[in-house]
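Subject: Structure handover

Hello,

Here is the structure you asked for. My notes on it follow below.

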Amino acid sequence: METLMVDRVHSSLRLFMHRNAIFLCERLCAQFPSETNVQLLATCYLHNNQPYAAYHVLKGKKLPESRYLFATSCFRMNLLREAEETLCPVNEPNMEVPSGATGHYLLGVIYRCTGRISAAAEQFTQALTLDPLLWAAYEELCILGIAEDTDECFSESTALRLQQEHTSTPTLVKSNFANENRVLSSRVSASLGDISPKQIKQLHANNIAEVSGYPHVRPTALHVQNSSTSNVAQFDTPSPTAAQTSSIMPPPLFRNVHVYQNTISGDAPTKQKANGVNQPLRRKYMDEARLKKVSGRLFNCDSTSIPRRSVRLKDTATNSNSNTSQFGGNGTGHSSGKLRVNSSTPSKLCSTAIRSVQVRKGKPRATENFDEGSRYEVIDEMWTDNISGTSSSVSTADGRSFEQDKAERILLQDSKLALGIRELLGLFRTLGEGFRLSCLFKCQEALEVYRKLPESQFNTGWVLCQVGKAYFELVDYLEADRYFELAHRLSPCTLDGMDIYSTVLYHLNEEMRLSYLAQELISIDRLSPQAWCAVGNCFALRKDHETALKNFQRSVQLDSRFAYAHTLCGHEYSALEDYENSIKFYRCALQVDERHYNAWYGLGVVYLRQEKFEFAEHHFRRAFQINPRSSVLMCYLGMALHSLKRNEEALEMMEKAIAADKKNPLPKYQKALILLGLQKYQEALDELERLKEIARHESSMYALMGKIYKQLNILDKAVFCFGIALDLKPPAADLAIIKW
């Protein structure tokens, strides 16, 4: 009963019938309250998104699997301290972390959520050491910015270790199977010695069906799978003398025994009698000349070495009334239905003999039985003369052939396994290296790595989203839009990365497309934080910051560990000039992900607006250390340095920002401002002229040019530039410059 119920529970889980699995497992635990069954019940609860129920039933359990499931329940309930104590008890520091690599991974996630980065990295590394194919652990190391190079993580030594792990258990199974076949092959001759022609015919058909499920096994090795089973009464065939059967092993028990059940049933004597009555008629139509001709041509046996068949037929005709079971299957006085085989006969020769004797179809049953008996006596004569001299040599050759075939099969399977492992690790190396470079914000190098992927792997939602994120970090929003759109079209139900896609559309001012994307994501999954981020960006683009803030807060409620949602809330509070709440949400984002440079940048902007320039410079520098290739971060850091009167450092940082992204107009404009403050008017004008080539419709640029011309007392050009600025509808700050 217990086994049946456990099987039904697993079947329900496989078919996603979680409520049915819970019901059955509750009955199972009530009837058989073992800890293993309690673990299964907790698994059902976790599958049904009921971690509190799993927490309740696993409280106080000590088995490793129970501890892991309990820690998973605690983690889902945000009970991080209790989850950590379960995986790594304080009172027992030497206790191993349960569930191996996955246990270390879960402990690492707990450490990361509680801000212990070094301890988290150690656990992720340990998990990856135990299971090199645990991609989630390597992904976490990349997010922390401390992942090692993929050539070291997925190296050749890793491939060899994986190959050894995957071949250790199968090798043991292969060895046991080979040993079993070796024993069976040595008994083929003795087992076939007690099988009648009809049994051989059905046995051959059965073995063909069995071998079809094991294409790597030769049929001859399976002819007597149950040769050690003794059932003499059921398969006792006629034997010529007692001496001939004394050294023969009992025959095996085969599947289709219903064919022979009549030999032990109550009707057996009646059928044997009927056969006995018909035997003289069969002998009357015996073609002795044809048998002699066939036997001499096929086997070249000496006619004097054994009594001729005609003599035995006469004896049989004489004693037909006294021996009524000569062809019935249970008699002991005749050998016509017996295939006598030496115990050392090789399986190959046996199979040859079986294939050589075929019963002609379309005959009455009496003729069929007679024909079988005559044909098998020919084989009996041949083997009596010739098999003793060749059995040992053929057996040795066949054994060597079997061992050689087995070795070749094992080598072929091992080579396929090794090739598969190397291909998989090669794919992991490419994907891992691209993701690692993306997390280090080396986006151009990451794009080059992703382009090395085969087309089938590149055209997947995950890879296309990673490419889109790389272009987003490079501030190439058009290319980012292209790849995100391809990813969404290819995998429309994939939500990872759609929050970044909505931000790309926000920067491109694609209000209609952004609105459509938000509605589509909400229709797919209303409980996904990415969908509500898209809705928030849609309202933010319309300058409805309060509604946008509500949607971003909804995203935070759905997933409190979603750092980007916290940052977007901070941006909206900053737009509403609620700097206190803005700082609060930025700090929450940093608690979730310390390397989320957007939050460091947001804090720097807030402090810059509050004219807390030292704080601003600190936060901009932290963001720059995380993402040292961002032209925007370099520019804002230079602005903070300029506010601190560190103009030389500010100019140097602006030069780096311009070199990092020549299409970004902000560092050129800020550089001109710094030069203006240093009274380097001509250099400032030259920089603004270069800026005019990439941003012709910036009112701030013309307002600053007019100010410089006014300082140089070139009033006509100053008036001209101020006029253009007014035509472009400048902001309030530029209006103040013009009026001044």
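A salt bridge here is a side-chain nitrogen of Lys or Arg within 4 Å of a carboxyl oxygen of Asp or Glu. By that rule, a search of the whole structure finds 21 salt bridges.

Ground rules next. This is a predicted model: local features need pLDDT of at least 70, side-chain atom pairs count only at pLDDT 80 or more, and totals for chains, interfaces and linings use all residues. Residues are numbered from 1 along each chain as its sequence is written, and side-chain values use heavy atoms, with hydrogens and water left out.

**Salt bridges**

R629 and E445 pair at 2.8 Å, N to O. This pair links distant parts of the chain, 184 residues apart. R629 is in the loop between α32 (613–626) and α33 (631–643), while E445 is in helix α21 (residues 443–450). Helices are DSSP runs (H or I, at least four residues), numbered from the N terminus. R629 is partly exposed at 42% relative accessibility, and E445 is partly exposed at 27%. The classes are buried under 20% relative accessible area, exposed over 50%, and partly exposed in between (1.4 Å probe, protein chains only).

R482 and E479 also form a salt bridge, at 3.2 Å, N to O. They are three residues apart in helix α24 (residues 477–490), so about one helical turn separates them. There is a network too: salt bridges link D481, E485, R489 and R513.

D661 is buried yet has no salt bridge. The nearest side chain of opposite charge is K663, 6.8 Å away. For charge, Lys and Arg count as positive and Asp and Glu as negative; His and the chain ends are not counted. D661 is in the loop between α34 (647–660) and α35 (665–677). Leaving aside neighbours within four places in sequence, D661 is in contact (heavy atoms within 4.5 Å) with V475 and S631.

**Nonpolar cores**

A nonpolar core is a set of buried Ala, Val, Leu, Ile, Met, Phe, Trp, Tyr and Cys residues joined through side-chain atoms within 4.5 Å. The largest has 108 residues. Those with the most contacts inside this core include C25, Y138 and F484. Helix α27 (residues 529–541) gives the largest share of this core, eight residues. A second, separate core has 54 residues, among them A623, F624, Y669 and M705.

Best wishes

How values were computed. Helices (H or I, at least four residues) and strands (E, at least two) are DSSP runs, numbered from the N terminus.
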